[in-house]
Amino acid sequence: MGKRIAVTLTLNGERRSFEIPAGRRLLDLLRDDAGLTGTKEGCGAGECGACTVLLDGRPVTSCLVLAASADGHEVVTVEGLARDGALHPFQEALVARGGVQCGFCTPGIAVSGVAILARGERDPQAHARLLSGNLCRCTGYTKVLEALAEAAEVVHAAD
Amino acid sequence: MPRTRRAPRQRPQGTQGGPLGGRHERPDARAKVAGATRFVADLALPGMLHAAPVLAPVASARVLGLDLDDARACEGVEAALTAAHIPGANSVGVIFPDQPLLVTDRVRMVGDRLALVAARTPEAAWHAARLARTDLEALPGVYDPVAALAPDAPRVHESGNLVRTFAVVRGDLERAHGHAAVVVEAEYHIGGQEHAYLEPQGCLAIPEGRERITIVASCQCPFYVQQAVARVLGLSLAAVRVEQAPTGGGFGGKEDYPSELAASAALLAWHTGRPVRFIYPREFDMQASSKRHAVVVRHRWGADRDGRLCFAEVETIMDAGAYIGLSTVVAERANVSAIGPYHVPAVRVTTHVVYTNNLFGGAFRGFGQPQVTWAAEATMDRLAKRLGIDPLELRRRNALDDRRRRLCTGQLMPKPVLARTCLEKAAELAGWKSARSRAHEGEGLRRHGIGIGFVLYGCNLHHGGQRLDRSSAVVILQADGSVVVRVGLTEMGQGNLTAAQTIAAHALGVEPTQVQVWQPDTTTVADSGPTVASRGAHMSGMAILDAVRSLRRRLDPVAAELLGCKPRDVVLARGWARVAGRPRRRVPIAQVAAEMAARRIEAIATGWHRTRARRYDAVTGQGDPYAFYAVACHVARVEVDADLGLVRVEEVAAAHDVGRVIHRAALEGQIQGGIVQGMGWGVTEELKLDRGRLLNPNFTDYLIPTAADAPLIRIAVVESEGAGGPYGAKGVGEPSLIPIAAAVRNAVCDALGVEIDRLPLSPPVIVAALGDRHPFADVAEPDRRERHARSAPTP
């Protein structure tokens with residue numbers, strides 16, 4: 001099984017330590033070691049975006065990140081998007097606008113969307129381009145992008 | 001918490017202000033958006049093992065030997081099994097017994113399984129599987145369905161390569177030929193498609209000794225899985241419990257194929273006595289699982305001087321791959337759907353299903369109809385061009401309507417026939433007239449075009465599958481007034497939970513949030529057939545309505561007693577039981593439920609629905625293949641980069657005849673999703689094959705549409721009375737995909753002024769079609785142009 005190493009990171013706001021095989025992917029640390037199964041594996045090659053998490057606030061495909069390289073960094077998963085029990089405005093908008101179908105891509109889309117909104121991006125064309133790393137096979141993206149536009153207004157109004 | 005704007009609720013007439021046709025929150029959305037939904041890969045049990053298959057790397061070979069010693073010696077491996085370990089039948093074909101779970105003597109496709117490994121980690125299982133030593137003697141294979149029909153072609157199975165031929169024979173073809181002023185002949189080469197559901201195939205098998213077993217599977221058809229596992233393990237159906245896990249997309253790809261995984265995991269679980277999870281890596285999933293069929297379609301269609309169709313001859317050759325799977329059933333739909341929503345006096349259709357050593361052809365949203373529709377709509381545009389008639393006008397003149405509603409199968413379509421309505425609405429939404437006049441402006445590199453795709457969709461299962469066309473529901477009224485619903489049809493993203501919830505809530509007069517629909521489990525409902533053919537909402541809904549009728553025979557007398565009225569005067573709406581005509585006399589339904597519980601009255605009811613038997617002659621293709629039909633028309637506007645051969649679909653107008661809307665947001669979601677998936681098939685999704693091996697089994701090289709590719713979609717929903725579904729609803733899942741690729745093809749041809757006979761419309765195909773019209777044709781050296789032409793796949 002090879003060498004095991006210690007990794008400490010801030011996971012959804014909480015400091016956590018794990019002892020893992022050196023070659024473990026961040027995706028597997030999250031799902032198997034931390035029990036956070038909201039992050040999904042759709043392709044294992046960084047193409048579909050279902051495993052997107054925030055690493056120091058930036059969206060990354062966790063299937064392509066070595067867990068060891070997240071040592072000392074901050075990771076936010078879909079489970080960490082809610083604040084005080086309330087879903088993020090983008091998650092709320094996805095629910096309200098019908099932007100969820102099978103739900104397998106949804107955690108990655110939620111995380112990417114939150115990152116896009118954190119940039120203050122309000123242009124719908126930029127939304128579509130920035131979300132193009134998250135594949136969805138069900139919705140045709142229309143309602144997802146509508147939800148993102150709606151959430152952008154909510155976030156902007158709150159700022 | 002932020003408030004979100006919602007579109008106003010629209011309700012159909014004649015309902016009692018219930019949730020029907022509204023936009024209430026999907027019951028599964030909140031958990032999914034929080035990452036709280038547990039898919040099968042998220043489930044683990046103590047002692048659980050992981051499965052991996054030993055795979056054939058080539059498409060055609062004789063098996064000389066198999067040595068599993070090295071695999072068994074790997075650390076963490078608990079079992080390595082061959083066909084000799086199968087206690088029941090080594091057979092997983094859903095209709096025909098031509099497909100073994102584990103091959104013994106002959107390899108027929110890349111990805112055939114020779115053995116199965118179970119290990120303590122997925123890594124160990126796949127590593128051990130790769131260490132298996134297989135001794136294979138290469139045999140000649142056949143990789144083209146037309147070539148496979150030649151008498152001397154290598155045989156995929158001993159029975160020969162032609163599996164079945166279906167036909168439609170109607171009218172006097174010779175006489176009709178005499179009336180035709182214009183005849184179009186064409187041969188279309190239409191590629192297959194990968195489902196690309198975001199959740200890969202997966203299941204979990206949990207044994208109870210060797211007595212019985214539970215399967216939790218990502219699947220569309222738990223009853224198919226149940227039958228396959230029972231057959232392979234030699235167990236009774238009652239000893240196999242299949243629970244559908246939340247399923248991350250299906251599109252037909254999780255119709256029959258999950259039976260193969262489930263039988264594999266079940267065999268390993270049965271031998272080890274431990275739970276076994278089997279999750280496909282994406283690359284293997286794309287190589288091995290079923291695909292939309294690649295087909296060749298040959299046309300000879302004729303029309304008179306006024307553009308009225310005189311005859312249509314269609315020959316379709318479908319590449320089934322190495323095993324039949326569902327190919328014959330797909331062919332039945334393709335066969336009767338080959339001439340579209342048009343009135344044609346003389347028709348000859350033949351549809352051949354052919355074995356090859358290619359990818360496994362199977363079910364995919366549309367079920368053979370997208371391919372034949374693509375061909376039919378291409379031919380209609382060719383006819384329009386030859387006749388000098390506007391493509392919209394040509395379709396107007398030939399579309400079925402209330403006066404001319406006899407199909408090519410001889411069936412008289414039920415009224416109202418809404419083909420003309422959908423055609424006009426889509427054209428109007430797209431601004432057809434002004435777009436047509438603008439389309440050819442500018443002969444620069446970026447060209448614009450507009451095109452139509454038009455489909456007549458037979459709802460639910462074809463006559464050939466009508467023995468499966470029944471469904472089961474269970475409704476339980478809880479003591480607090482909430483309601484549990486179980487149906488035999490599955491949620492895979494399309495919204496079946498939402499539809500079932502809406503229908504149950506509407507029928508029981510409670511709020512949708514009071515109704516919990518739980519995913520199917522073969523021990524709670526009876527076999528309801530597959531969740532396919534856009535039949536989910538229809539069949540679930542009809543069975544739920546039957547169960548509610550039965551429940552109300554016990555509920556209404558209790559309510560009547562509390563209200564002091566006759567049971568027949570009890571009205572249930574918006575959480576209240578009321579007296580008909582006296583709305584102020586009311587009690588909460590929750591109080592009625594509590595009263596029923598206090599009196600120990602049976603609060604569980606079962607429901608059943610079966611479709612009416614129909615007649616159909618499979619030899620002549622005459623009769624009633626479907627009970628009723630839905631129409632859809634898509635109009636696409638595209639921009640084509642004529643230099644690079646790149647297509648951008650800018651806008652799509654979609655008009656859909658849906659009968660009655662059950663849930664408006666779910667309906668729109670189906671239409672939008674179907675359009676984008678169908679657009680991907682038509683433009684970028686190409687399965688590149690080399691002797692049966694997929695060269696692009698990943699999302700880097702197999703391009704499905706992204707958010708940046710999504711067109712603007714305008715939707716016109718056409719409602720009507722009288723269709724056979726719950727509250728008059730018709731299926732929409734498949735009609736939403738079928739016409740779009742044809743509309744895009746016609747728009748691209750309109751933009752470029754050339755005909756294209758190949759799908760997808762990849763850059764090499766477009767550049768080859770342009771030939772001398774390519775903007776830089778005159779500067780390209782002749783040999784480079786030839787290379788361009790050759791780079792498009794040749795027949």
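**Exercise 1.** Find which residue stands opposite I206(B) in β10(B), then describe how β9(B) pairs with β10(B).

*Solution.* Start at I206(B): T214(B) in β10(B) stands opposite this residue. Next, look at the two strands as a whole: β9 (residues 202–208) of chain B and β10 (residues 212–217) of chain B pair in the antiparallel sense over 6 bridges. Here strands are DSSP runs of E with at least two residues, helices are runs of H or I with at least four, and both are numbered from the N terminus; two strands pair if DSSP finds at least two bridges between them. Then follow the chain through the turn: 3 residues lie between β9(B) and β10(B) in this hairpin, and G209(B) has a positive phi of about 55 degrees.

A word on the source: this is a predicted model, where local features need pLDDT of at least 70, side-chain atom pairs count only at pLDDT 80 or more, and totals for chains, interfaces and linings use all residues. Residues are numbered from 1 along each chain as its sequence is written, while chains are lettered from A and ligands numbered from 1 in the order in which they are written.

**Exercise 2.** Work out how β9(B) is joined to β12(B) and how many residues of β9(B) are buried.

*Solution.* First, count the bridges: 4 join β9(B) to β12 (residues 276–279) of chain B, and the two run antiparallel. C203(B) has F278(B) as its bridge partner in β12(B). Now check the cover: 6 of the 7 residues of β9(B) are buried (20 or more other C-beta atoms within 10 Å of a residue's own, with C-beta atoms placed from the backbone).

**Exercise 3.** Give the strand order of the open sheet of 6 strands in chain B, and say which strands stand at its edges.

*Solution.* Reading across, the order is β7-β15-β14-β13-β8-β31, with mixed pairing. At the edges are β7 (162–170) and β31 (758–759) of chain B; each has a single partner strand, so one side of each is left without a neighbour in the sheet. Finally, zoom in on β31(B): 2 bridges join this strand to β8 (residues 182–190) of chain B, running parallel, and H189(B) stands opposite R758(B).

Definitions and conventions: A residue is buried if 20 or more other C-beta atoms lie within 10 Å of its own, exposed if 12 or fewer, and partly exposed in between; C-beta atoms are placed from the backbone.
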